[in-house]
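Let's take a walk through this model together. Keep the sequence and the 3D view side by side as you read.

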Amino acid sequence: MSARIAALATLLLAGCASAGSMPEAAASADRGAAWAARCTDEDSWDRPGPPFHVYGNTWYVGTCGITALLVTGEDGHVLIDGGTEAGAPLIAANVEALGFKLSDIKLLLTSHEHHDHVGGTAELQRLTGARLLSSAEAAPVLASGKADPADPQFAIADIFPPARVDGTVTPGEPVRLGDLALTPVAQPGHTLGALSWHWQACEDEVCRTIVYADSLTPISADGYRFTDAPALVEGMRAGLDRLAALPCDLLLTPHPMASRMKQRLQAGELAGEGQCRAYADTKRRSLDERLTKEAAR
Ligand SMILES: [Zn+2]
């Protein structure tokens, strides 16, 4: 290519607002100091919190109480989780406050199919036009807005607006969008179709593996016994082993409090060694305690 044509190509590219170029607002976004100053561990799911830059291509666009993550790419963005029905417009506003376009969000992904994380998915699908991909087990729940009868929290689960599921993902197989690749991990526990996700985020030459690990506290509706669901318990244990073994530089969770996000933001660093292993160890202990309690009843 001649120098003149190369210069022309550069000009043309500069003029084209691709999804990959970072908006001005995003470039000046903080690393969570404002979020940590505003939000407390007691905050409700729908208390608005300011969006912030997590690392590289990854942005926190959730509320004070519920996480939603925007992963930006050259050919469009991915949004993981949609908050509650009331939280959806807050997430959309956070995406726009960073200067990203809702119409550049091409894929919606989810952690676990409870209304606090997917109640806003239908509205976000309407606002973005994005395709929604879920686990095979979560698909009927997302499409109906009703919990699976085998869900440990079935008896207390709220209904939510049904969304259009456009396809399912296979755990271990990356979901690709342009230069992005996000890998789902089967993480049954809170729900049967729960997923964790991991992907690469880079700044200059430094790449980190971000892990969005699902909620794994063994809670349930009254009367439910994990002991009576051996397949789920086995799946939880296998999932915890998978989570502990993942490459993991920076852990995020659907409830920020579950991984002490505020405290880590206040300390000035979200990343750290062994975060997934420590998280999995804690949840494994909770599961053992729960099973011991059930045996004593
Ligand atoms: Zn939740």
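Is Asp81 buried or exposed? With 26 other C-beta atoms within 10 Å, Asp81 is buried; the cut-offs are 20 or more such atoms for buried, 12 or fewer for exposed, and partly exposed in between, with C-beta atoms placed from the backbone. Asp81 sits in the loop between strand E4 and helix H4, and takes a positive phi of about 75° although it is not a glycine. Helices (H or I, at least four residues) and strands (E, at least two) are DSSP runs, numbered from the N terminus.

A word on the ground rules. Residues are numbered from 1 along each chain as its sequence is written. This is a predicted model, in which local features need pLDDT of at least 70 and side-chain atom pairs count only at pLDDT 80 or more, while totals for chains, interfaces and linings use all residues.

Now to the core. A nonpolar core is a set of buried Ala, Val, Leu, Ile, Met, Phe, Trp, Tyr and Cys residues joined through C-beta atoms within 7 Å. The largest one here has 71 residues, and Leu69, Val78 and Leu79 touch the most other members. H4 provides the largest share of this core, 5 residues. In general, nonpolar side chains tend to be buried together in soluble globular proteins. Beyond its neighbours within four places in sequence, Val78 is in contact (C-beta atoms, placed from the backbone, within 7 Å) with Val71, Leu107, Leu109, Leu177, Leu180 and Leu182.

From H4, move to H6. Helix H4 (residues 88-97) and helix H6 (residues 121-128) pack at an angle of about 40°, with axes 9 Å apart. Here axes are lines fitted to C-alpha atoms, for helices over the stretch in contact, and angles run from 0 to 180 degrees between N-to-C directions. That angle makes H4 oblique to H6, because angles under 35 degrees count as roughly parallel, over 145 as roughly antiparallel, 65 to 115 as roughly perpendicular and the rest as oblique. Ala88, Ile91 and Ala92 of H4 meet Glu123, Leu124 and Leu127 of H6. By class, this contact has 5 nonpolar, no polar and 1 charged residue; Ala, Val, Leu, Ile, Met, Phe, Trp, Tyr, Cys and Pro count as nonpolar, Asp, Glu, Lys and Arg as charged, and the others, Gly among them, as polar.

H6 is itself mostly covered, with 6 of its 8 residues buried. These buried residues pack against E4, H4, strand E5, helix H5, strand E6 and helix H7. Just after H6, Gly129 takes a positive phi of about 75°.

Met236, Leu240, Leu243 and Ala244 in H8 meet Cys276, Arg277, Ala280, Lys283, Arg284 and Leu287 in H10, a contact of 7 nonpolar, no polar and 3 charged residues.

Finally, have a look at two loops. Asp204, between strand E10 and strand E11, is exposed, with 6 other C-beta atoms within 10 Å. The C-alpha atoms of Asp204 and Gly56 are separated by 8.6 Å, although these residues are 148 residues apart along the chain. Arg260, between strand E12 and helix H9, has a positive phi of about 50° without being a glycine, and counts as partly exposed with 16 C-beta neighbours inside 10 Å.

Key. Contact = placed C-beta atoms within 7 Å.
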